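Hi,

Here is the structure I promised to pass on. Have a look at it first, and then read my notes below.

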Amino acid sequence: KDFNPYVLFYNKKLFAEAGIDSLPTDWASFRAAATQLTLDKDKDGNTDQYGFIVEPVVEMVMPFVYQNGGHFQNPDGSLGIADAPFVEALEFYHSLYTDGIATIPQDEGVGWNGDAFGREICAMAISGGWLIPFLKDNYPEVDYGIIPLPAGKQRATVAFTTAYAMPKASTHQKDAWTLLNYLVGKEGMSSWTSSGVAMPSRKSVAEANGFYEHPVYKVFMESAAFARPFQIQSSERGFEEVVVALQHVFFTG
């Protein structure tokens, strides 16, 4: 019914205060910007503003893995988490935190990276379109911009997709089908995607509502060209073990 790729949100005011007039396009310029945006504003020896915020979760690491030519699961079904491209991408992502130019939500007492970005704890954050209405409702004073994720060896991002389903045994199949047709039709999809929380899966709806020209939404639409869904064929337990291992890297490694 919709899709949502990761993009990079950046704080225009904090970029201007740091004297940064060119936006990051690759890992090197991204790291350089994060370094320049990390500040101890009150000179008490503690960082008050970070360049970036990382979340120690697999789906946040995957854009960097894809950009580095790696996979969570290889085409032959084997796991790619110990392959060089995956490890190198994780090391880059993790180093932003260990080098002190990024923080994590847990260290700042916030629930997620969007809240840290809204409070201007960090100047950059990776998120999907769901951050747009969150900022509008909770931090309307934050002047932000959106750009595609800085590229590694190649351009890549993660796209999230969702779908509606109707139970086969439903006793209201006719009514459910009527509703589903409306929700995925032009009128319904146009209505609920207007907030920017997700991008329409119909090109006609995106075109009719100016998503390709919109200063914010067009970045999501452009990112679709190099976005990849994060899907694996693995047991839930196996995936959870990787999640725990990643937590270990950040909190005890």
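This is a predicted model: local features need pLDDT of at least 70, side-chain atom pairs count only at pLDDT 80 or more; totals for chains, interfaces and linings use all residues.

Residues are numbered from 1 along each chain as its sequence is written, and side-chain values use heavy atoms, with hydrogens and water left out.

The helices come first. Helices (H or I, at least four residues) and strands (E, at least two) are DSSP runs, numbered from the N terminus. The axes of α3 (residues 58–67) and α4 (residues 84–98) come within 8 Å and cross at roughly 120 degrees; axes are lines fitted to C-alpha atoms, for helices over the stretch in contact, and angles run from 0 to 180 degrees between N-to-C directions. In contact (heavy atoms within 4.5 Å), Met60, Val61, Met62, Phe64 and Val65 of α3 meet Phe86, Ala89, Leu90, Phe92 and Tyr93 of α4.

Now the sheet. Four strands make up an open sheet with mixed pairing, ordered β8-β1-β7-β9; two strands pair if DSSP finds at least two bridges between them. β8 (199–200) and β9 (227–229) are at the edges with a single partner strand each, so one side of each has no neighbour in the sheet. Strand β1 (residues 2–5) runs antiparallel to β8, joined by two bridges, and phenylalanine 3 stands opposite methionine 199 in β8.

Best wishes
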